[in-house]
Amino acid sequence: MLKKIKPLLDAAAETGWVMEPDAKKILAIAGIDVPESAYCRRLDQALSFAGTNGFPVAAKVVSPEIIHKSDVDGVVVGIEDKAALEKVFDRFSRMDGFTGVHVEEMVAGAELIVGAKTDYQFGPVVMLGIGGTGVEIYRDTAIKMAPLKKADVIAMISSLTAKELIQGYRGSEAVNIGKLVGLMIGFSEMVMEIGDRIESIDLNPVMCSADRCVVADARIILPGGLDGGISTIDQDRDTSNTCITSEGLL
Amino acid sequence: MDYSPLFKPDTMAVIGVSLTNERHPANVIYNKLLLRYPVKAYAVNPKGGILQQEKVYTDISMVPETIDHAVIAAKADYVPKILESCIAGGVKSATIISGGFAETGKTDIQNRMVDMAREADFPFIGPNCLGIYSPQQFDTFFLPAERLVRPELGNVSFVSQSGGVLVDQMVKFAGQGIGLSLAVSIGNKALIREIHLLEYLAEDPNTDVIAFYIEGFNQNEGREFVLAAEKCRKPVVVLKAGKSRQGSRAVSSHTASLAGDYEVFSQVLRQFGIAEAKNEYELVSFCEALSCYPKAITGRVGIVTVSGGHGVLSVDACASHGLSIPALSAATRNKIKAHLSPSVREIAALVNPLDLTGSATDDDFLAAANGLSQSSEIDCILILLLPYSPGISSDIGARLSHIYLKTGKPLVAYVPHVEKYRMLIEGFELNRIPVSSSIEGAVLMVEAMKRVLPC
């Protein structure tokens, strides 16, 4: 696994963080579910992806200079047709450091955050929590030392205050626990392998439904990668390409 | 490395005694070793002379016996040389009391000593520490004996980065009747660190509970520590200092922000069944409970009271500590009822908490506790004992303690701690039943047993 991931991490050394297309490639190598997507440098590639996979799609700007995509309006979801996609592509292409557009299928489910960090005292640790914009407000998370066993993941889920969002609540469908356990174990094993190459990873949101647990957005920060670069708590996210039930938000 | 000469010495030398200053730390230590302990003690000072009518040797090599453990209390500049002469002279271990090393930026001298010791397979504690307190055997604390509060010999070991916290905690242990098997202040922990003592104490037959005061670990040392604790099968309790985040450090991700140093520390400890005490009070309660009951429970509590109010208060306290108060089956209730005295049987509330009312006698308590001890619905019994009731005798502690001996179901008691109830309290404590002077404290003791369950 490390052999395949290493070149992608090496390529990000200069920017200090791995941009979304490569971050998702890394996750896919580790066997983690990511949406169907294409990293499109030209418009015809984007149109061809949407043509093959079908509308609606989500589009996100790719630029080494833009870590907060939402802040610069660099995320558009629910793009319904060719004309709309053309317009978005044109606008993104004029942004700072533009290298392409990440076009993706739309995914739905309960919003979770899955994270990892190489802790000074304990080495690789993994986090699971209620994801979305509110992560730093609710602070409803569980942390465990990697690698994880199935029982660890189950204990993490049951320690969350809002565990009902995962286990099913007022008629809302429960998350596929098997898929979530699989994702967490696979992710923790990946983190064990690349722990000395990363500072932290945010998968936020991970969209979990009865069918799948899929990573809607991912960011990998390399050691010292964003030294002093972000001094406030990071609010960048793009969960809007997902369909959340009203219960899911409450 | 063989730690037995360090912790179980027969012969000791104190290097750096003063011939003129009776209050010099080395003299305080030497006097104690000479007068109070069963070890053979020798004094060393390059000037030689006589101290306490005993010869002062000019060099460690002049001492006529092989020294198991040398206490080094000389100025920092002389210490590397002294360490070298100890190793050359066949001394087997040392405690380095002296300060003035890494804590003042002199990391290179300290590192040189560590290299020297590793090379020679020579264990030493410190530098910059109080060292070791081994009840009834020896201590290296430079605190006069009359100023120290000394817990009795027992089965709890305590390892502390801070000497001050260690001595203060000994006062609290003694006050609560918790016995110590070993206490070690590791100071700069240059060579021997928490992980090494955890591994040593895991194998020490005199230690059943291992407690730590920890400020922080080195890189990846926390990982080694929790894995060793998981393997050790004895309860491990940790009091962590330095919980608040230092300044406004830049964070690069949600995970880095949410999984701060302390959050990780605390949750990883929990994952491996290490009981983290939030403060000194919890540390004492956890150590007391676990020194009596080292086995983990899931936290299903059966409560026996003579006061409805105390029952309700304890239910609230249990709930806030993550403990459950299961309902009792008809079989359990009937069994208890059958053994209650006729006057209590009619008025007692046979639910959980079991309220035996102010008419309860010792026998009623025994009937209730016996019934609960045989019920699979609960895994710990909490006795709220108000000795104001006339039916309760001083024998009740000792009598209730037999339940644990017979059934193995842990029992924790709350008794108001005033002098006139001392005999009743000792009836529990001398029979290894933990007693707290508050409901909250008793509930913490129950929680301790749940906290050593990995989750």
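At roughly what angle do the axes of helix α3 and helix α4 of chain A cross?

## Helix pair in chain A

In this predicted model, the axes of α3 (residues 43-53) and α4 (residues 82-93) of chain A cross at roughly 145 degrees and come within 10 Å, the angle running from 0 to 180 degrees between N-to-C directions of lines fitted to C-alpha atoms. Helices are DSSP runs of H or I with at least four residues. The crossing of α3(A) and α4(A) is right-handed, and α3(A) contributes L43(A), A46(A), L47(A) and A50(A) to a contact (heavy atoms within 4.5 Å) with K82(A), L85(A), E86(A) and F89(A) of α4(A).

## Helix pair in chain B

The axes of α14 (residues 362-373) and α15 (residues 396-407) of chain B come within 10 Å and cross at roughly 15 degrees; these helices are therefore roughly parallel, a term for angles under 35 degrees. Among the contact residues are F365(B) and L366(B) of α14(B), with L400(B) and I403(B) of α15(B).

## Interface between the chains

Chain A brings 39 residues to the contact and chain B 31 residues. A single salt bridge is counted between the chains, formed by K117(A) and D261(B), whose closest N and O atoms are 3.7 Å apart; the term requires a side-chain nitrogen of Lys or Arg within 4 Å of a carboxyl oxygen of Asp or Glu.

## Basis of the values

Residues are numbered from 1 along each chain as its sequence is written, and chains are lettered from A in the order in which they are written. Local features need pLDDT of at least 70, and side-chain atom pairs count only at pLDDT 80 or more, whereas totals for chains, interfaces and linings use all residues; side-chain values use heavy atoms, without hydrogens and water.

Key: Helix = DSSP H or I, 4+ residues; strand = E, 2+ residues; numbered from the N terminus. Parallel < 35°, antiparallel > 145°, perpendicular 65-115°, else oblique. Left-handed = near helix turned anticlockwise from the far one by under 90°.
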